[in-house]
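These are my notes on a structure that was new to me.

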Amino acid sequence: MDNQRTNQESGAAGDLFERLATRYERYVPWETRLAREIPFLENKLRAVGARRVLDCACGPGRHAVALARRGFDVTGLDVSGEMLALARGHASDEAVQVDFVEGRFESLTEAFDTPFDALLCLGNSLSAAENLEVLESAVRQFALVLRPGGLAITQTVDFAVAAPHPVTPSPVREVTDGGQEILFVKSFVRSGEQIAIHWVSLEKKDGHWRSEVTLRPVTSVDPIYLEQVLSRSGFSPIETYGDYAGTAFDKGRSRDLIAVARRGQA
Ligand SMILES: C[S@@+](CC[C@H](N)C(=O)[O-])C[C@H]1O[C@@H](n2cnc3c(N)ncnc32)[C@H](O)[C@@H]1O
(Lines give C-alpha, C1' and ligand atoms only; values in the text may rest on other atoms or scores of the structure.)
Protein backbone atom coordinates (compact mmCIF):
# COMPACT_ATOMS: atom_id res chain seq x y z
CA MET A 1 0.00 0.00 0.00
CA ASP A 2 2.32 2.80 -1.15
CA ASN A 3 -0.47 5.39 -1.24
CA GLN A 4 -0.97 5.12 2.49
CA ARG A 5 1.46 5.49 5.37
CA THR A 6 0.59 5.03 8.97
CA ASN A 7 2.85 6.20 11.77
CA GLN A 8 2.20 5.10 15.30
CA GLU A 9 3.66 7.50 17.81
CA SER A 10 3.79 7.57 21.54
CA GLY A 11 6.38 8.68 24.06
CA ALA A 12 7.52 11.54 26.26
CA ALA A 13 5.60 14.81 25.93
CA GLY A 14 8.56 16.72 24.44
CA ASP A 15 9.19 14.22 21.63
CA LEU A 16 5.56 13.79 20.85
CA PHE A 17 4.82 17.50 20.67
CA GLU A 18 7.79 17.96 18.34
CA ARG A 19 5.97 15.71 15.88
CA LEU A 20 2.51 17.11 16.64
CA ALA A 21 3.35 20.81 16.29
CA THR A 22 2.26 21.42 12.70
CA ARG A 23 -0.79 19.18 13.02
CA TYR A 24 -1.85 20.92 16.26
CA GLU A 25 -1.43 24.29 14.59
CA ARG A 26 -3.63 23.24 11.67
CA TYR A 27 -6.22 21.43 13.81
CA VAL A 28 -7.10 24.27 16.19
CA PRO A 29 -9.65 26.83 14.89
CA TRP A 30 -7.53 29.74 16.12
CA GLU A 31 -9.78 32.59 15.08
CA THR A 32 -12.73 31.14 16.99
CA ARG A 33 -10.59 30.20 19.99
CA LEU A 34 -8.87 33.56 20.31
CA ALA A 35 -12.12 35.49 19.82
CA ARG A 36 -13.61 33.49 22.68
CA GLU A 37 -10.60 33.39 25.04
CA ILE A 38 -8.64 36.63 24.68
CA PRO A 39 -11.35 39.03 25.99
CA PHE A 40 -11.69 36.94 29.17
CA LEU A 41 -7.91 36.74 29.64
CA GLU A 42 -7.35 40.42 28.90
CA ASN A 43 -10.07 41.40 31.36
CA LYS A 44 -8.57 39.26 34.16
CA LEU A 45 -5.03 40.51 33.44
CA ARG A 46 -6.08 44.17 33.41
CA ALA A 47 -8.06 43.71 36.65
CA VAL A 48 -4.77 43.02 38.50
CA GLY A 49 -2.75 45.59 36.54
CA ALA A 50 -0.63 42.83 34.94
CA ARG A 51 2.03 43.95 32.48
CA ARG A 52 4.60 41.14 32.41
CA VAL A 53 2.95 37.85 31.43
CA LEU A 54 4.32 34.33 31.03
CA ASP A 55 2.43 32.01 28.66
CA CYS A 56 3.53 28.64 29.98
CA ALA A 57 3.30 25.74 27.49
CA CYS A 58 2.53 28.38 24.86
CA GLY A 59 2.45 25.91 21.94
CA PRO A 60 2.44 27.84 18.64
CA GLY A 61 2.24 31.11 20.57
CA ARG A 62 -1.13 32.36 19.40
CA HIS A 63 -2.24 33.64 22.81
CA ALA A 64 1.20 35.13 23.50
CA VAL A 65 1.16 37.05 20.21
CA ALA A 66 -2.47 38.21 20.65
CA LEU A 67 -1.67 39.55 24.13
CA ALA A 68 1.54 41.22 22.95
CA ARG A 69 -0.55 42.98 20.28
CA ARG A 70 -2.69 44.32 23.12
CA GLY A 71 0.33 45.85 24.82
CA PHE A 72 1.36 43.17 27.34
CA ASP A 73 5.03 42.31 27.78
CA VAL A 74 4.81 38.58 27.00
CA THR A 75 7.20 35.66 27.36
CA GLY A 76 6.23 32.25 25.97
CA LEU A 77 7.73 29.02 27.28
CA ASP A 78 7.36 25.55 25.79
CA VAL A 79 9.21 22.25 25.88
CA SER A 80 8.94 21.82 22.09
CA GLY A 81 11.37 23.58 19.77
CA GLU A 82 8.99 22.95 16.85
CA MET A 83 6.15 24.71 18.65
CA LEU A 84 8.48 27.61 19.47
CA ALA A 85 9.58 27.88 15.84
CA LEU A 86 5.92 28.29 14.83
CA ALA A 87 5.43 30.81 17.65
CA ARG A 88 8.41 32.91 16.56
CA GLY A 89 7.05 32.88 13.01
CA HIS A 90 3.68 34.27 14.19
CA ALA A 91 5.33 36.98 16.29
CA SER A 92 7.40 38.01 13.29
CA ASP A 93 4.35 37.96 10.95
CA GLU A 94 2.46 40.20 13.36
CA ALA A 95 5.50 42.38 14.04
CA VAL A 96 5.31 42.02 17.82
CA GLN A 97 8.08 41.40 20.34
CA VAL A 98 7.64 38.19 22.38
CA ASP A 99 10.46 36.28 24.07
CA PHE A 100 10.06 32.57 23.35
CA VAL A 101 12.04 30.31 25.65
CA GLU A 102 12.53 26.54 25.55
CA GLY A 103 11.90 24.98 28.95
CA ARG A 104 9.64 22.86 31.13
CA PHE A 105 6.82 24.10 33.31
CA GLU A 106 8.04 21.98 36.22
CA SER A 107 11.39 23.84 36.30
CA LEU A 108 10.49 27.46 35.56
CA THR A 109 12.84 28.88 38.21
CA GLU A 110 15.76 27.58 36.13
CA ALA A 111 14.65 29.80 33.26
CA PHE A 112 13.45 32.98 35.02
CA ASP A 113 14.65 35.07 37.92
CA THR A 114 12.49 38.21 37.50
CA PRO A 115 8.93 37.69 38.72
CA PHE A 116 5.95 37.86 36.37
CA ASP A 117 2.69 39.68 37.11
CA ALA A 118 0.68 36.85 35.59
CA LEU A 119 1.04 33.37 34.15
CA LEU A 120 -1.19 31.46 31.74
CA CYS A 121 -1.28 27.70 31.24
CA LEU A 122 -3.99 27.04 28.67
CA GLY A 123 -5.16 24.39 26.21
CA ASN A 124 -5.20 21.65 28.88
CA SER A 125 -1.39 21.73 28.89
CA LEU A 126 -1.17 20.61 32.53
CA SER A 127 -2.53 17.22 31.45
CA ALA A 128 0.77 16.77 29.53
CA ALA A 129 2.55 16.42 32.91
CA GLU A 130 3.83 12.84 33.16
CA ASN A 131 2.02 12.29 36.45
CA LEU A 132 0.39 14.15 39.34
CA GLU A 133 3.73 14.69 41.10
CA VAL A 134 5.06 16.56 38.07
CA LEU A 135 1.79 18.48 37.82
CA GLU A 136 2.07 19.52 41.45
CA SER A 137 5.68 20.67 41.03
CA ALA A 138 4.60 22.69 37.98
CA VAL A 139 1.91 24.48 40.03
CA ARG A 140 4.46 25.17 42.81
CA GLN A 141 6.74 26.64 40.16
CA PHE A 142 3.89 28.86 38.94
CA ALA A 143 3.76 30.42 42.42
CA LEU A 144 7.54 30.83 42.56
CA VAL A 145 7.82 32.82 39.31
CA LEU A 146 4.90 35.13 40.16
CA ARG A 147 5.16 38.28 42.23
CA PRO A 148 3.12 38.31 45.45
CA GLY A 149 -0.47 39.03 44.39
CA GLY A 150 0.32 37.81 40.84
CA LEU A 151 -2.28 35.91 38.85
CA ALA A 152 -2.24 32.37 37.42
CA ILE A 153 -4.89 31.32 34.88
CA THR A 154 -5.06 27.64 33.99
CA GLN A 155 -7.46 25.79 31.70
CA THR A 156 -7.84 22.04 32.06
CA VAL A 157 -10.33 19.50 30.77
CA ASP A 158 -12.29 17.37 33.24
CA PHE A 159 -12.07 13.97 31.54
CA ALA A 160 -14.82 12.64 33.82
CA VAL A 161 -17.11 14.88 31.73
CA ALA A 162 -15.25 15.00 28.40
CA ALA A 163 -14.39 11.29 28.17
CA PRO A 164 -17.13 9.30 29.91
CA HIS A 165 -17.00 6.29 27.51
CA PRO A 166 -14.25 3.80 26.60
CA VAL A 167 -13.98 5.74 23.32
CA THR A 168 -15.41 9.27 23.09
CA PRO A 169 -14.96 10.69 19.56
CA SER A 170 -14.91 14.41 18.76
CA PRO A 171 -16.56 15.70 15.59
CA VAL A 172 -14.39 15.14 12.50
CA ARG A 173 -12.60 18.34 11.55
CA GLU A 174 -11.96 19.21 7.90
CA VAL A 175 -9.26 21.74 7.11
CA THR A 176 -7.86 23.04 3.83
CA ASP A 177 -4.34 24.40 4.19
CA GLY A 178 -2.48 25.75 1.16
CA GLY A 179 -4.90 23.87 -1.13
CA GLN A 180 -4.31 20.61 0.76
CA GLU A 181 -7.26 18.75 2.28
CA ILE A 182 -6.78 17.41 5.80
CA LEU A 183 -9.21 15.42 7.95
CA PHE A 184 -8.68 15.14 11.70
CA VAL A 185 -10.38 12.42 13.72
CA LYS A 186 -9.73 12.81 17.45
CA SER A 187 -11.03 10.54 20.22
CA PHE A 188 -10.51 10.24 23.95
CA VAL A 189 -9.76 6.63 24.84
CA ARG A 190 -10.32 5.47 28.40
CA SER A 191 -9.17 2.31 30.15
CA GLY A 192 -10.28 2.63 33.77
CA GLU A 193 -8.64 5.81 35.05
CA GLN A 194 -6.09 5.91 32.20
CA ILE A 195 -6.90 8.36 29.41
CA ALA A 196 -5.20 8.79 26.05
CA ILE A 197 -5.85 11.05 23.09
CA HIS A 198 -6.06 9.08 19.87
CA TRP A 199 -5.53 11.31 16.89
CA VAL A 200 -5.72 10.41 13.21
CA SER A 201 -4.92 12.92 10.52
CA LEU A 202 -5.56 12.13 6.87
CA GLU A 203 -3.77 14.33 4.36
CA LYS A 204 -4.35 14.23 0.64
CA LYS A 205 -1.10 14.80 -1.24
CA ASP A 206 -0.64 14.32 -5.00
CA GLY A 207 -4.03 12.60 -5.14
CA HIS A 208 -3.17 10.06 -2.45
CA TRP A 209 -4.31 9.90 1.14
CA ARG A 210 -1.66 9.58 3.81
CA SER A 211 -2.54 8.87 7.42
CA GLU A 212 -0.77 9.57 10.67
CA VAL A 213 -1.92 8.05 13.93
CA THR A 214 -0.92 9.33 17.36
CA LEU A 215 -1.74 7.93 20.76
CA ARG A 216 -0.86 10.37 23.55
CA PRO A 217 -1.39 9.34 27.19
CA VAL A 218 -2.60 12.23 29.33
CA THR A 219 -2.75 12.86 33.07
CA SER A 220 -6.32 13.32 34.17
CA VAL A 221 -6.61 16.56 36.17
CA ASP A 222 -9.56 16.39 38.53
CA PRO A 223 -10.88 19.94 39.11
CA ILE A 224 -11.18 19.57 42.89
CA TYR A 225 -7.65 18.15 43.05
CA LEU A 226 -6.28 21.07 40.98
CA GLU A 227 -7.93 23.58 43.30
CA GLN A 228 -6.33 21.80 46.27
CA VAL A 229 -2.92 21.85 44.59
CA LEU A 230 -3.27 25.58 43.81
CA SER A 231 -4.26 26.24 47.38
CA ARG A 232 -1.38 24.12 48.81
CA SER A 233 1.01 26.06 46.54
CA GLY A 234 -0.03 29.37 48.10
CA PHE A 235 -2.77 30.56 45.74
CA SER A 236 -5.75 32.34 47.30
CA PRO A 237 -8.39 33.32 46.36
CA ILE A 238 -9.15 30.93 43.49
CA GLU A 239 -12.04 31.70 41.14
CA THR A 240 -13.34 28.84 38.99
CA TYR A 241 -15.17 29.12 35.67
CA GLY A 242 -16.63 26.53 33.30
CA ASP A 243 -15.99 28.56 30.13
CA TYR A 244 -14.51 31.78 28.79
CA ALA A 245 -17.91 33.49 28.91
CA GLY A 246 -17.41 33.47 32.69
CA THR A 247 -20.04 30.82 33.57
CA ALA A 248 -19.42 29.47 37.07
CA PHE A 249 -17.68 26.06 37.12
CA ASP A 250 -20.17 23.26 37.78
CA LYS A 251 -18.48 19.99 38.84
CA GLY A 252 -19.83 17.02 36.85
CA ARG A 253 -21.29 19.29 34.12
CA SER A 254 -18.51 21.67 33.06
CA ARG A 255 -16.12 20.12 30.56
CA ASP A 256 -13.48 22.77 31.22
CA LEU A 257 -12.10 24.21 34.40
CA ILE A 258 -10.67 27.71 34.09
CA ALA A 259 -8.99 28.54 37.38
CA VAL A 260 -8.05 32.15 38.07
CA ALA A 261 -5.83 32.15 41.14
CA ARG A 262 -3.99 34.92 43.03
CA ARG A 263 -0.62 34.18 44.52
CA GLY A 264 -0.77 35.00 48.24
CA GLN A 265 1.07 38.12 49.47
CA ALA A 266 3.40 36.13 51.77
C1 LIG B 1 -2.21 21.15 23.82
S2 LIG B 1 -0.83 22.19 23.60
C3 LIG B 1 -1.47 23.73 24.19
C4 LIG B 1 -0.78 24.92 23.56
C5 LIG B 1 -1.37 26.28 23.88
N6 LIG B 1 -1.15 26.67 25.27
C7 LIG B 1 -2.86 26.33 23.57
O8 LIG B 1 -3.64 26.74 24.44
O9 LIG B 1 -3.22 26.03 22.43
C10 LIG B 1 0.19 21.64 24.94
C11 LIG B 1 1.58 22.27 24.94
O12 LIG B 1 2.25 21.89 26.13
C13 LIG B 1 3.63 21.74 25.83
N14 LIG B 1 4.23 20.97 26.92
C15 LIG B 1 4.02 19.66 27.21
N16 LIG B 1 4.71 19.31 28.32
C17 LIG B 1 5.37 20.45 28.73
C18 LIG B 1 6.25 20.75 29.82
N19 LIG B 1 6.60 19.81 30.70
N20 LIG B 1 6.71 22.00 29.95
C21 LIG B 1 6.39 22.97 29.03
N22 LIG B 1 5.56 22.74 27.97
C23 LIG B 1 5.05 21.50 27.83
C24 LIG B 1 3.63 21.06 24.48
O25 LIG B 1 4.85 21.15 23.80
C26 LIG B 1 2.47 21.81 23.78
O27 LIG B 1 2.94 22.92 23.08
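I first looked up the spacing of the two domains, and the C-alpha centres of domain 1 and domain 2 lie 25 Å apart. Domain 1 covers 3–11 + 161–218 and domain 2 covers 26–158 + 220–263, with bounds that come from an automatic or database domain assignment.

I noted that this is a predicted model, in which local features need pLDDT of at least 70 and side-chain atom pairs count only at pLDDT 80 or more, while totals for chains, interfaces and linings use all residues. Residues are numbered from 1 along each chain as its sequence is written.

Next I checked the contacts, and 10 residues of domain 1 meet 11 residues of domain 2, a contact being two C-beta atoms, placed from the backbone, within 7 Å. On the domain 1 side, α7 (159–162), β8 (173–177) and β9 (180–191) each give at least two residues; helices here are DSSP runs of H or I with at least four residues, strands are runs of E with at least two, and both are numbered from the N terminus. The largest share of that side, three residues, comes from β8.

I then followed β8 into its neighbour: five bridges join β8 to β9 in the antiparallel sense, where strands pair if DSSP finds at least two bridges between them. Glutamate 174 stands opposite leucine 183 in β9, and the hairpin of β8 and β9 has two residues between the strands, with glycine 178 in the turn at a positive phi of about 55°.

Leucine 183 also has leucine 202 in β10 as a bridge partner, and 10 bridges join β9 to β10 (residues 194–205), again antiparallel.
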